[in-house]
Amino acid sequence: TIWAAPPGRAPPSRTVRVVERGVAEVELVVMAAAESVRFHRSHQDAWLENVFFRVHTRWAISVSRLVGVRARHIFEVVCALVAAGGLCVLVGLHVRYVAKSTALSDALELARHSLEETESSVYVVRVAVATGPRCLEAPSYEEACADKEDGAHLYWYSRERGVVELSARARQELGVPTRCVRIGRCHLGPWLWRAAAGTDAIVANAALRAFGNIGRVRIEGSRDAYDLSRCEDPRARERRRRSPLRRRSLSFKIGIVVKTIFLVFATSTLASYTLRETQARMLRFAYLIKERVSNRESYLQLVAAHVLDSVVFAPITLGMLSFLYEFFFDQLLALLILTLIWGCELFAAVSLRSLPALNSVPHLIVLYLAALHMYIFAYPLGFPYVAFATTFAAIGHVMFFFWNHCELPALLAGLVSQSRPRALY
């Protein structure tokens with residue numbers, strides 16, 4: 001009756017019946033294998049959650065013993081004050097060096113007007129920032145540059161990349177027009193502003209305001225250079241402020257938002273995936289090697305397989321770092337941001353367990369990281385390290401606050417336990 005032919009059709013042959021029976025058996029085996037994989041995957045996730053909960057409990061006990069309640073609240077307040085102070089410093093730096101013209105930018109504009117009168121599109125401007133006894137020297141513009149500048153930081157600007165890389169002798173032989181701008185370091189602003197901004201960023205922003213987003217600024221004696229074409233022309237920015245709904249303004253803002261969303265979610269997802277997969281494979285490796293040792297079996301093949309399996313995640317981490325470097329053009333900044341994202345993912349995996357923290361901390365961290373990325377994309381010649389320090393302090397305040405007010409009380413009250421490692425479970 002199973003193989004009865006439908007009305008109007010001949011009964012199937014024996015070969016067809018064997019094939020169909022084999023297909024049905026294969027389907028049953030595949031379904032059983034899928035159920036087994038799902039079971040082992042859920043069992044592995046539960047095992048990993050229990051391990052993370054034990055780590056969270058050890059951290060809570062250690063922190064409670066070593067650091068008192070008052071000291072933890074002091075850390076929380078200090079992080080909040082540092083974040084607020086860093087934000088104030090960042091706003092002050094923008095008001096002083098980005099939003100307004102400075103004495104150095106005015107001197108560079110004089111040099112630009114003088115070079116435009118020569119009707120030459122290829123020229124070079126040297127900026128000498130005097131230090132030491134000549135720190136109080138007023139900004140000046142000279143048509144002839146001295147051969148040496150003792151005790152001064154030198155910077156070169158040119159519209160063309162190749163011209164700014166030439167030596168002084170090569171520029172003289174080629175007849176490239178050259179102008180010199182000299183200024184004392186003390187005229188760049190108070191010591192606090194100079195220390196926070198850095199002389200390089202101050203000179204680059206002055207060149208951007210004087211020459212627009214064309215050309216490069218090279219630091220003498222170093223391979224570092226600022227590409228002004230990655231930035232936005234300050235004059236165009238001022239025009240957009242008068243008419244914020246222009247097409248270019250809207251496309252510029254949409255581009256920043258799209259890059260920020262893509263980069264934040266891509267890096268955080270890859271970091272979370274790498275963290276959980278490496279920990280799960282490490283736990284599985286520990287379990288298997290324990291069985292091999294107890295059974296007195298060889299475990300060299302198991303160790304080799306685990307090493308080869310873990311090496312796969314090294315290109316993922318290096319790829320994330322190279323990916324961030326292509327966006328930020330700064331290897332140290334890319335490494336710092338990737339380290340911060342890894343720290344946030346580790347905190348979320350280990351210590352994020354109470355219901356208020358689960359509902360608030362991820363949103364706040366994503367908001368702070370998005371603000372950092374949007375600032376870096378909007379102002380490539382801004383002050384990214386000040387912004388990073390501010391974001392780091394703000395995220396640290398969020399972690400300390402929810403650790404003190406949510407995680408420790410939930411652990412002491414039994415709202416999270418070994419059987420219920422997270423409040424959502």
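Predicted model: local features only at pLDDT ≥ 70, side-chain atom pairs only at ≥ 80, totals over all residues.
## A buried phenylalanine

Now look at Phe-377. With a relative accessibility of 8%, Phe-377 counts as buried too.

## Two rings that stack

The structure holds nine aromatic pairs. In one of them, the ring centres of Phe-328 and Phe-377 are 5.8 Å apart and the ring planes meet at 25°. Planes under 30 degrees apart count as stacked, and therefore this pair is stacked.

Where do Phe-328 and Phe-377 lie? Phe-328 belongs to helix α11 (residues 313-328), while Phe-377 belongs to helix α13 (residues 355-378). The pair therefore ties together parts that are 49 residues apart in sequence.

## A tilted tyrosine pair

Tyr-375 and Tyr-379 also form an aromatic pair, with 5.7 Å from centre to centre. An angle of 40° between their planes goes with the label tilted.

Is each tyrosine buried or exposed? Tyr-375 is buried, at a relative accessible area of 12%. Tyr-379 has a relative accessible area of 26%, so Tyr-379 is partly exposed.

What sits over the ring of Phe-377? The charged end of Lys-259 does, 4.7 Å from the ring centre.

Conventions. Residues numbered from 1 in each chain as written. Heavy atoms only, no water. Phe/Tyr/Trp six-rings, centres within 6.5 Å; stacked < 30°, edge-to-face > 60°. Helix = DSSP H or I, 4+ residues; strand = E, 2+ residues; numbered from the N terminus. Buried < 20%, exposed > 50% of the residue type's maximum accessible area, 1.4 Å probe, protein only. Lys NZ or Arg CZ within 6 Å of the ring centre and 35° of its normal.
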